[in-house]
Amino acid sequence: MQFKKVCVIGLGYIGLPTACTFATHGLQVVGVDINPHVISTLKNGGIHISEPGLRLLVQEATSSGSLVVRDSPEDADAFIIAVPTPFLEVDQGVYNGRSHRLADMRAVKSAAESIVPFLRAGNLVVLESTSPPRTTINLVQPILEGSGLKAGPDFHLAYSPERVLPGQIIRELTENARVIGGIDRPSAEAGRDLYLHFVKGEIVLTDSTTAEMVKLMENTYRDINIAVANEFSRLARRFGVDIWEAIQIANRHPRVKILNPGPGVGGHCISVDPWFLVEAAPDLAELISAARHVNDAQPHFVVDHIKTLFGNDLHGRRVSALGLAFKPDVDDLRESPAIQVVKLLQENGAMVHCYEPYVQDTVIPGVMIMPTLEDAIHDTELLVLLVGHKAIRDLDPGQVLPLTPARLVFDAVGGWDEHLWEKSGFTFYKLGVGE
Ligand code: SAJ
């Protein structure tokens, strides 16, 4: 199938790089977002998210005229839905006494509805948003068929998950293998013809529900593996073992690859997606649910450990939290466990000053972000490493010492060399290390 014009709905972390990449690979692209701030930022040559290489890519796509941004769709050969699928903030489901989160599909629903007036025979519609199994056929298809056209005979419909890693999106978008699940074979093949414009990795065709499940399985697999690492860190502390040393030794086994424990699992993907499987089949997804609960509880374990450094009482204690993003070397604060740790420390009476090298002007209600590292540590008793940003990991303890009265350090991510810090005069504690 031949494509000249694509409409990408949702210009966030996935939609914007995808729209630009199509635009720089020979297609005319209309990028659509309902957020006026996103539209005006892009029209003024800026970007509203930070991702290495993205600014240049947007400039290239817009200055050539291949990418235009709009607040609603228009006629095109293909439509791509790349809107967020978070979970509902308030509502929760319960199965066997254990709570689980519920997917918020409103953005997908309204994106699909916005396509209906422009849908023509022969078009292709691709859902990219991570979604519960059968969303393509049970939610998106009936909405699109409200146009009077039938999915299959009249237009193509497919699900193709993004699998790119924040921080590496531009490279992974073209290099990763791409799964395209059609509601029928011609839909999958049409999807392949579209993504062949830029995908250099293998393109694997399947049906839409398998593609949805594949995406959820990938992130669930990672979530469960991080959960076991986090649980091991708790056990290690109980048994007086250093989890970091234990993992290093265990990983010498040729078939063992334990991930890193930390303050919890954040971001918009891994901490959300497994819930879509739990919600869809809570009776069959008990391990997945348990892993989510383990990871969600991890900030509490970090704070409990920190409390013990102060005789279990944090009232009036001055703490510096270093790193707030959901993972190293990104500016994304969504579902960040580091922020949860900060809030829990405050709930326990501590006064927390934070430093986040990637985010200076964002306001997080109730969280005090200081402009510089020096501001965050000049009046404190404890330095807590919460995110292993390279700039923080590379700090030289000898140079930190004169900037702070703190002599206690707590490393929640295994990012600092204990011996270096102790040699410089700090007392060093680490997540998952028993006394
Ligand atoms: N984390 C740990 N320990 C580890 C690895 C990660 O605690 O050993 C934490 C991170 O600090 C972070 C969270 O897990 O809080 C998730 O980070 P991540 O780097 O594992 O994943 P994301 O959310 O940035 O991206 C994931 C990727 N999925 C997989 O690796 C299976 C990416 O390929 C997906 O495209 C992305 O989710 C997505 O959009 O779904």
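This is a predicted model: local features need pLDDT of at least 70, side-chain atom pairs count only at pLDDT 80 or more; totals for chains, interfaces and linings use all residues.
The charged end of Arg178 sits over the ring of Tyr195, 4.2 Å from the ring's centre. A charge counts as sitting over a ring if NZ of Lys or CZ of Arg is within 6 Å of the ring centre and within 35 degrees of the ring normal.

Residues are numbered from 1 along each chain as its sequence is written, and side-chain values use heavy atoms, with hydrogens and water left out.

The structure holds five aromatic pairs. Rings of Phe, Tyr and Trp (its six-membered ring) pair if their centres lie within 6.5 Å; planes under 30 degrees apart count as stacked, over 60 as edge-to-face and the rest as tilted. Phe22 and Phe198 have ring centres 4.7 Å apart and planes at 65°, so they are edge-to-face. Their pair links distant parts of the chain, 176 residues apart: Phe22 is in helix 1 (residues 15-23), while Phe198 is in the loop between helix 7 (185-195) and strand 10 (203-207). Helices (H or I, at least four residues) and strands (E, at least two) are DSSP runs, numbered from the N terminus. Both Phe22 and Phe198 are buried.

Now for a pair of helices. The axes of helix 11 (residues 286-308) and helix 12 (residues 337-347) come within 9 Å and cross at roughly 45°. That makes helix 11 oblique to helix 12: angles under 35 degrees count as roughly parallel, over 145 as roughly antiparallel, 65 to 115 as roughly perpendicular and the rest as oblique. Axes here are lines fitted to C-alpha atoms, for helices over the stretch in contact, and angles run from 0 to 180 degrees between N-to-C directions. Where do the two helices meet? Asp296, Pro299, His300, Val302, Val303 and Ile306 in helix 11 meet Pro337, Gln340, Val341, Leu344 and Leu345 in helix 12. Contact means heavy atoms within 4.5 Å.

Buried means under 20% relative accessible area, exposed over 50%, and partly exposed in between (1.4 Å probe, protein chains only).

| Residue | Relative accessible area | Class |
|---|---|---|
| Asn96 | 63% | exposed |
| Glu335 | 31% | partly exposed |
| Tyr429 | 24% | partly exposed |
| His268 | 18% | buried |

Asn96 has a phi near 50°, a positive value in a residue other than glycine, and lies in the loop between strand 5 (87-95) and strand 6 (98-103). Glu335 isn't a glycine either, yet has a positive phi of about 50°; look for Glu335 in the loop between strand 11 (318-322) and helix 12.

Tyr429 lies in strand 16 (residues 427-430). Not counting residues up to four places away in sequence, Tyr429 touches Leu309, Leu408, Val409, Phe410, Asp411 and Glu435. As for His268, find it in the loop between helix 9 (243-250) and helix 10 (273-280). Leaving aside neighbours within four places in sequence, His268 is in contact with Pro84, Thr85, Pro86, Asp273 and Arg334.
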